[in-house]
Amino acid sequence: MNGEFLAFFVFALIAISGGVLMINLRKVVHIIFVLMFTFLSIAGLYVLLSAEFIAFVQVLIYSGAITIMMLFGIMLTKHDDKAMMSVGFWRSLAALVGIVAFFVIIFIGINDLSLGEQATTLHENNVEQIGIAIFSKFVIPFETVGVILLVVLVGAIALAKKDEPDEEASKYE
């Protein structure tokens with residue numbers, strides 16, 4: 001077992017645990033922090049795959065996206081902690097057993113996997129290759145995604161905006 005193998009296990013365990021916790025947690029702030037750890041561990045997996053640029057983009061974009069999502073989550077949800085439903089012991093135990101079984105199955109599947117000869121030019125000038133691909137082949141989808149994200153941002157702000165009572169109407173009542 002070398003360091004890269006150990007790092008893969010740590011990052012994979014954090015990513016899987018973060019995904020499971022994100023589903024089971026109730027408070028928005030806790031979910032956002034767990035999601036942030038999941039994204040950071042996925043960025044670590046990209047670094048292990050010699051895709052440093054994708055790891056940097058993962059951290060940069062998803063950190064910004066997480067910040068925006070945290071703001072929207074706080075704005076759009078009710079903060080009533082009294083209505084929380086507790087999860088039983090057996091349900092938690094079953095989820096834990098399922099996670100461990102999934103992890104063992106994935107480990108056995110990946111450990112016996114043979115990918116053949118590794119490509120040696122994957123990490124050479126990958127930023128340049130990505131830039132050429134984005135601005136030559138995929139410029140229209142890239143710009144379209146930017147516009148869609150802007151529309152989503154404006155729509156979420158419009159949904160989160162509370163209607164204030166009209167002051168003029170309240171004067172005459």
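Phenylalanine 135 is exposed, with a relative accessible area of 59%. Exposed means over 50% relative accessible area, buried under 20%, and partly exposed in between, with a 1.4 Å probe and protein chains only. The model is predicted: local features need pLDDT of at least 70, side-chain atom pairs count only at pLDDT 80 or more, and totals for chains, interfaces and linings use all residues. Numbering starts from 1 along each chain as its sequence is written, and side-chain values use heavy atoms, with hydrogens and water left out.

A search of the whole structure finds seven aromatic pairs. Rings of Phe, Tyr and Trp (its six-membered ring) pair if their centres lie within 6.5 Å; planes under 30 degrees apart are stacked, over 60 edge-to-face, the rest tilted. Phenylalanine 135 pairs edge-to-face with phenylalanine 142, at 6.2 Å centre to centre and 70° between the planes.

| Residue | Relative accessible area | Class |
|---|---|---|
| Phenylalanine 135 | 59% | exposed |
| Phenylalanine 142 | 45% | partly exposed |

Ring pairs also link Phe5, Phe8, Phe9, Phe103 and Phe107 into a cluster.

H1 (residues 3-24) and H4 (residues 89-111) pack at about 145°, with axes 12 Å apart.

Helix H2 (residues 28-48) has 21 residues. Its buried residues include Ile31, Leu35 and Phe39. Just after H2, serine 50 takes a positive phi of about 65°.

Technical notes
Helix = DSSP H or I, 4+ residues; strand = E, 2+ residues; numbered from the N terminus. Expected span 1.5 Å × (residues − 1). Axes fitted to C-alpha atoms, helices over the stretch in contact; angles between N-to-C directions.
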